[in-house]
Amino acid sequence: MFIDSHAHLTDTRLLSEIEKVRALYLSNGVTCVLDVGHSIQSSIQAKKNAQTFEEVYYSVGLHPDVAGSVDKTSLDKLIELSSDKKCLAIGEIGLDYHYLDYSKEVQLKAFTSQLELAIKLKKPVIIHSRDACCDTVNILKEYSSELNGFLMHCYSYSKETAKTLLDLGAYFSFGGVVTFKNAKKEDIIKSIPQSRILLETDCPYMAPVPFRGTINKPEYMPYIYNKVASIYGETLSDFCATVKNNFETFFKI
Ligand SMILES: [Zn+2]
C-alpha cells in the first residue's frame, strides 16, 4: 500500500541489517521500494538488491557529489548496469551548490551528460537539486521535451518554480521534511496536482517526526503518507491509490 520512491538501501547502515530492515517495512505495509544509485558502487549494489528482493526496484546514476567521476567509462558502466528491467530510471543526478564538492562547471557537465544518457536509454530521470534553482530550471527547459519524464526528488524550491516545472512535465517527490514543524510545505504541496506527487523516505537521511535525527528507514513511510494525505484532505486509502498510480505512470511499470 505504501511506496518508497527514493531509498538508499545500499547505505551500509541499512545494508548491514537488510533482512531486519526489510521485515519491518514489509510488516508496515511498504510494498515497493526504489533503491536509488548515486555512484557506480551504489548503483551496482542497488541492482543486486533489486535482483534479490521482489519488491525492490533500482536506478543508476552519478550524484553531483561524485560529478568529477563522470566520463565515458563511468557512463558506459551506467548503460551496462541499467540493462535489467527492474532499472526504472537514471538518477539521482543533478546539481548541488550547497556543498560544491565540485565546481558548477563540472556539475553542469555531469548533469547534462547523464540527461543525454537518459534520453538515449529512454528512461525517466530522478533529479537532486539543492541551492541550484536557476541552473536546474534552465537546463530542464532545454531538455524536458526530449526526456522521458523527470522527478524532482526532495523538492525544496518555491511554489512559483514548481509551477514552471509543472508546465515542463515535472513530478515531485516529498519526504520526511513535510512532517517537520517549521518546514511550511503545505502551500507548495497544495499547489501541485495530486497526479504529479510521489513520496519517499530518502533513507537513511531525513527521518520523519517522531524519529527526526535518527537513521531513517522505509518502515517510516506511513508517517509521510499520513501527513501529505491530510494536507490534500484525502483519506489515506484514496491517497495511497493515487500515489501508486502516479508511481506506475511515471516509471512505466
Ligand atoms: Zn537520495
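# Questions on a predicted model

Colleague: Which residues touch the most other members of the largest nonpolar core?

Modeller: The model is a predicted one. Its largest nonpolar core has 72 residues. Those that touch the most other members are Val 125, Phe 172 and Tyr 225.

Colleague: Which residues is Tyr 225 in contact with, leaving aside its neighbours within four places in sequence?

Modeller: Tyr 225 is one of the buried residues of α9. Leaving aside neighbours within four places in sequence, the contacts of Tyr 225 are Phe 2, Leu 199, Leu 236, Phe 239 and Cys 240.

Colleague: How many helices and strands are there in the protein, and how does its radius of gyration compare with the globule rule?

Modeller: The protein has ten helices and eight strands. For 253 residues the globule rule gives 18 Å, and the protein is close to that, so it is as compact as a globular protein of that length. Its radius of gyration is 17 Å.

Colleague: What does the C-alpha trace span along its principal axes, and what percentage of the residues count as buried?

Modeller: The C-alpha trace spans about 45 × 40 × 30 Å along the principal axes. A residue counts as buried if 20 or more other C-beta atoms lie within 10 Å of its own.

Colleague: Among contacts between residues at least 6 apart in sequence, what percentage join residues at least 24 apart?

Modeller: The contacts counted here are between residues at least 6 apart in sequence. Among them, the share joining residues at least 24 apart is 73%.

Colleague: How far apart are the end C-alpha atoms of helix α9?

Modeller: Helix α9 covers residues 221–232, which is twelve residues. At 1.5 Å a residue the helix should span 16 Å, and the model agrees with this. The end C-alpha atoms are apart by 17 Å.

Colleague: Which elements do the buried residues of α9 pack against?

Modeller: The buried residues of α9 are Met 221, Ile 224, Tyr 225, Lys 227, Val 228 and Ala 229. The elements they pack against are β1, β2, β7, α8, β8 and α10.

Colleague: How are α9 and α10 oriented to each other?

Modeller: Their axes come within 9 Å and cross at roughly 100 degrees. The contact is made by Tyr 225, Asn 226, Ala 229 and Tyr 232 of α9 with Leu 236, Phe 239 and Cys 240 of α10. Angles from 65 to 115 degrees count as roughly perpendicular. The two helices α9 and α10 are therefore roughly perpendicular.

Colleague: How are α3 and α4 oriented to each other?

Modeller: The axes of α3 (residues 40–52) and α4 (residues 72–81) come within 11 Å and cross at roughly 5 degrees. In α3, Ile 40, Ser 43, Ile 44 and Lys 47 meet Ser 74, Lys 77, Leu 78 and Leu 81 of α4. Angles under 35 degrees count as roughly parallel. The helices α3 and α4 are therefore roughly parallel.

Colleague: Is Thr 12 buried or exposed?

Modeller: Thr 12 is found in helix α1 (residues 12–15). It has 9 other C-beta atoms within 10 Å, and a residue with 12 or fewer counts as exposed. Thr 12 is therefore exposed.

Colleague: Which residues does His 38 touch, not counting residues up to four places away in sequence?

Modeller: His 38 lies in the loop between β2 and α3. With 24 C-beta neighbours inside 10 Å, this residue counts as buried. Its C-alpha is 9.6 Å from that of Ile 90, although the two are 52 residues apart in sequence. The residues that His 38 touches are Gly 61, His 63 and Glu 92.

Colleague: Which residue is joined to Glu 92 by a cis peptide bond?

Modeller: Most peptide bonds are trans. Glu 92 is found in strand β4 (residues 87–96). The cis bond there has an omega of about 10 degrees, and the residue joined to Glu 92 is Gly 91.

Colleague: What is the omega of the peptide bond from Cys 203 to Pro 204?

Modeller: Pro 204 lies in the loop between β8 and α9. The bond from Cys 203 to Pro 204 is cis. Its omega is near 15 degrees.

Colleague: What is the phi of Asp 202, and what is that of Met 206?

Modeller: Asp 202 is buried, with 23 other C-beta atoms within 10 Å, and Met 206 counts as buried with 21. Both have a positive phi in a residue other than glycine. Phi is near 60 degrees for Asp 202 and near 55 degrees for Met 206.

How values were computed. Residues numbered from 1 in each chain as written. Predicted model: local features only at pLDDT ≥ 70, side-chain atom pairs only at ≥ 80, totals over all residues. Helix = DSSP H or I, 4+ residues; strand = E, 2+ residues; numbered from the N terminus. Expected span 1.5 Å × (residues − 1). Contact = placed C-beta atoms within 7 Å. Rg over C-alpha atoms; globule rule 2.2 N^0.38 Å. Core = buried A, V, L, I, M, F, W, Y, C linked by C-beta atoms within 7 Å. Axes fitted to C-alpha atoms, helices over the stretch in contact; angles between N-to-C directions. Parallel < 35°, antiparallel > 145°, perpendicular 65-115°, else oblique.
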